[in-house]
Structure formats: C-alpha cells, structure tokens
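Welcome! Below is a short tour of one model, one region at a time. Keep the viewer open as you read.

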Amino acid sequence: MKNFITCFKDKAFLAFFFKRLRENKTGRYEDTFPYISPCGPEINYVRCDDLPIVYTHILDRSGHVIEDVATYGQTPPPPGEHFAEMLSYGGAGNLLTARFDPEKLCMLPTTGRVYYGGLERLGGVGLVKSSLASELAQFFVYNRSGVDSNSPPVRITWRGKTTELDRSVLNRLHQVKVA
C-alpha cells in the first residue's frame, strides 16, 4: 500500500509526476501554483521555493551515480570517449536524466545558487542541488579580477577541458523570474 510519503520515495512515481510537470496555464490558481502535473482526471498543483526541477546527481555512462565528483571532474576521459555524463533530477535516479554539458552551468553571485540549462517545457533551466553545486564549484574559473560578490564564473574546467560558460542560462533565469 502506498501513502503520500512513500510515493515521494518511489522512483517510478517520481518519473511519472515529473514527466507530466508543466507550467500552470489552466486559468486556476496560476499565481499561487505556477506548475501543474496532470494525473488522469486530477491535477496536482505545484509550487516551489525556486524552480521545480532540481538536478541531484551526475551519472556516468552506465547510469551510476558518480560518488566522488571532485576526482571524476579532474580526470580526463579516456582517448576517444565522447560520451557526456547525465544529470539526474526529481529524485528518480536514472529514470529522469538530462545530458550534462558543463558549459550550461550558471552561478548567480547574489545567491550562490547554481543552475543548469535544460527542460524547455519548464522554462529551460533547473536548480542544481546545493551539495552537488558545492562539489562543482571547484571547477569554476573566474575572470582575472578574482572572485567577488558581483563576479560570476566565466569558464569551467571539467575532465581536463576548459570551456566558456553559456550565458544564455542567465537570460533564461531572468525569463523565469529567478534572477
């Protein structure tokens, strides 16, 4: 038997819920509940503190959680390997993933929160879980003036490759009224 709490630990239920999650354009409760997740004839109204999608883990090419992000991120891939890692979201493990392109990360210097571009149906951006963001922060490269409260990272060095961060994520944050 399932109850309200056990549903939020059931990966299949979480995948079902998050795959249906979208902006609330029903004309009902839009200001209070900006997102909905339809379930048959019912509608689950959703509100969150920031964004509804939270990326929780980086998965390797086998779909396993990378436990030591610090070591993994510093290790160049084997020659010829072109597979990008995946980001898991919604607490559903490898049932809900998005391709991980490190250049799509964005840190807001005003909050320290890290965001990732993806999932167009929900504004094209999601929040990175704080513990994962802390692990990824060591790979950010700042401009020459150093880190200050107004200076977001401009590049990331991931697995031996330094890449410019895609500033379009910041624009999406403004569109979804986070930044």
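Which residues of α2 are buried?

## The helix α2

Before the reply, a word on the model: it is predicted, so local features need pLDDT of at least 70 and side-chain atom pairs count only at pLDDT 80 or more, while totals for chains, interfaces and linings use all residues. Residues are numbered from 1 along each chain as its sequence is written, and side-chain values use heavy atoms, with hydrogens and water left out.

The buried residues of α2 are L14, A15, F17 and F18. They lie on the same side of α2, because they cover an arc of only 170° around the axis (the arc is that of the directions from the helix axis to the C-beta atoms). An α-helix has 3.6 residues a turn, so residues three or four places apart point the same way. On the face turned away from the buried side, α2 carries the exposed residues A12 and K19. Here buried means under 20% relative accessible area, exposed over 50%, and partly exposed in between, with a 1.4 Å probe and protein chains only. Helices (H or I, at least four residues) and strands (E, at least two) are DSSP runs, numbered from the N terminus.

## The three-stranded sheet

Now look at the open sheet of three strands, with the order β1-β2-β3 and antiparallel pairing; two strands pair if DSSP finds at least two bridges between them. Its edge strands are β1 (22-23) and β3, each pairing on one side only. Helix α2 (residues 11-20) packs on this sheet and touches β1, β2 and β3, where contact means heavy atoms within 4.5 Å. The direction of α2 makes about 120° with that of β2; axes are lines fitted to C-alpha atoms, for helices over the stretch in contact, and angles run from 0 to 180 degrees between N-to-C directions.

Strands β2 (residues 35-39) and β3 (residues 42-46) run antiparallel and are joined by five bridges. In β3, E42 is the bridge partner of C39, and N44 is that of S37. The hairpin of β2 and β3 has two residues between the strands, and G40 takes a positive phi near 65° there.

## The six-stranded sheet

A further open sheet has six strands in the order β6-β5-β4-β9-β8-β7, with mixed pairing. The edge strands here are β6 (97-99) and β7 (105-107). Strands β4 (residues 54-59) and β9 (residues 125-128) pair in the parallel sense over two bridges, and Y55 stands opposite V128 in β9.

Helix α5 (residues 168-175) lies across β7, β8 and β9, at about 100° to β8.
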